[in-house]
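This briefing is meant for a reader who is meeting the structure for the first time. Please keep the sequence and the model in view while working through the points.

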Amino acid sequence: AFAKFSEVPGECFLLFTLILLMFLVSLTGNSLIALAICTSPALHTPMYFFLANLSLLEIGYTCSVIPKMLQSLVSEARGISREGCATQMFFFIFFGITECCLLAAMAFDRYMAICSPLHYATRMSRGVCAHLAIVSWGMGCIVGLGQTNFIFSLNFCGPCEIDHFFCDLPPVLALACGDTSQNEAAIFVAAVLCIFSPFLLIISSYVRILIAVLVMPSREGRHKALSTCSSHLLVVTLFYGSTSATYLRPKSDHSPEVDKLLALFYTAVTSMLNPIIYSLRNKEVKGALSRTLGLKKVLTMNR
């Protein structure tokens, strides 16, 4: 094996049960939202197109990390091959960067819908939405391949023990022999470009949305405009808060215990909360989910 994951002290079974529960809720919730959007013609709009992409991404994101994490919690076989570690790192970066770009695309969609409603249909056409999604997934793939290749071109000192739940960048980089300052600088630059730049686009979009909402004469119009953005803003806060704390902190401030908690939050907790946030705060999604599950038919028959 290339390395093994460090043993988690304390109640491993309790942690295993908690993570497994979050994993199952995440898989079920995101699958249902993607299915509901695909099967409901009323939801074939740019906003829900990006939401379906986000749900599919969350499924891949959790599946790339959590199964191996669960195995390492309850099994003595905590080892992972070099190829397995590189593959896990690639998919983790791929889905993470793609999520940053998709969240920015979703913010741009809300900006166009609220600030330029007369031109919304033409400027956010199916072709434009498809291009934004392709660029998002493509950016994730390029950054994932580049960062993974850059890190695994290094020499690693053995025996290796990764002080983490999975093959994340900082703990794997800590196993490398010699000077890794160039790699650390590359990770920081990639984090600034691919995490902070989309975040600036999101912030600028919402600043313009807020200005447009404040000048709306109707109170009902202001409430409706803000309600379409609230779920997205909450998801952005959860995702960017945890990832920024991990990848934009100075190396001296890193603590393995804090890094593990943050990683658990943005891989398991946010993926579980996203479908809950979007379904609870959106009547159209709730209606589509009810139709998908056949709940309305059941309620009608009971009456």
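The model shown here is predicted, and its secondary structure comes to eleven helices and three strands. Of the 303 residues of the protein, 49% count as buried, and the largest nonpolar core holds 89 residues.

**Overall layout**

- Followed along the sequence, the elements of the protein come in the pattern β-α-α-β-α-α-α-β-α-α-α-α-α-α.
- When contacts between residues at least 6 apart in sequence are considered, 79% of them join residues at least 24 apart.
- The protein exposes about 15,200 Å², and carbon and sulfur atoms supply 68% of that area.

**The largest nonpolar core**

- Within this core of 89 residues, those that touch the most other members are I19, L51, L103, I151 and V172.
- Helix α3, which spans residues 82-115, provides the largest share of the core, with 20 residues.
- I151 touches M89, F156, L169, V172, L173, N183 and I187, when residues up to four places away in sequence are not counted.

**Residue T148 in helix α5**

- T148 lies in helix α5, which covers residues 126-151, and the residue is buried, since its relative accessible area is 8% and the cut-off for buried is under 20%.
- Apart from neighbours within four places in sequence, T148 is in contact with A86, M89, F90 and I93.

**Helices α3 and α7**

- The axes of α3 and helix α7, the latter made up of residues 181-214, come within 9 Å and cross at roughly 15°.
- Because angles under 35 degrees count as roughly parallel, α3 and α7 are described as roughly parallel to each other, and their crossing is left-handed.
- On the α3 side, the contact is made by I97, C100, L103, A104, A107, F108, R110, Y111, I114 and C115.
- On the α7 side, the contact is made by C194, I195, P198, L201, I202, S205, Y206, R208, I209, A212 and V213.
- S205 is found in helix α7 and is buried, with a relative accessible area of 3%.
- Although S205 and F108 are 97 residues apart in sequence, they are 6.1 Å apart in space, C-alpha to C-alpha.
- With neighbours within four places in sequence left aside, S205 is in contact with A107, F108 and Y111.

**Helices α1 and α2**

- The axes of helix α1 and helix α2, the latter covering residues 46-74, come within 9 Å and cross at roughly 160°.
- Because angles over 145 degrees count as roughly antiparallel, α1 and α2 are described as roughly antiparallel to each other, and their crossing is left-handed.
- S26 is found in helix α1 and counts as buried, at 1% relative accessibility.
- Residues touched by S26, not counting those up to four places away in sequence, are T62, S271 and M272.

**Helices α1 and α10**

- The axes of α1, which covers residues 12-39, and helix α10, which covers residues 283-293, come within 9 Å and cross at roughly 90°.
- Because angles of 65 to 115 degrees count as roughly perpendicular, α1 is described as roughly perpendicular to α10.
- The contact is made by L32, I33, L35, A36 and T39 of α1 together with V285, A288, L289, T292 and L293 of α10.
- L32, which is found in helix α1, is partly exposed, with a relative accessible area of 23%.
- L32 touches L289 and L293, when residues up to four places away in sequence are not counted.
- L32 and S55 are 23 residues apart in sequence, and the C-alpha to C-alpha distance between them is 8.9 Å.

Notes. Residues are numbered from 1 along each chain as its sequence is written. This is a predicted model: local features need pLDDT of at least 70, side-chain atom pairs count only at pLDDT 80 or more; totals for chains, interfaces and linings use all residues. Side-chain values use heavy atoms; hydrogens and water are left out. Helices (H or I, at least four residues) and strands (E, at least two) are DSSP runs, numbered from the N terminus. Buried means under 20% relative accessible area, exposed over 50%, partly exposed in between (1.4 Å probe, protein chains only). Contact means heavy atoms within 4.5 Å. Accessible areas come from the Shrake-Rupley method with a 1.4 Å probe; for residues, only the protein chains shown count as cover. A nonpolar core is a set of buried Ala, Val, Leu, Ile, Met, Phe, Trp, Tyr and Cys residues joined through side-chain atoms within 4.5 Å. Axes are lines fitted to C-alpha atoms, for helices over the stretch in contact, and angles run from 0 to 180 degrees between N-to-C directions. A crossing is left-handed if the near helix is turned anticlockwise from the far one by less than a right angle, and right-handed if clockwise.
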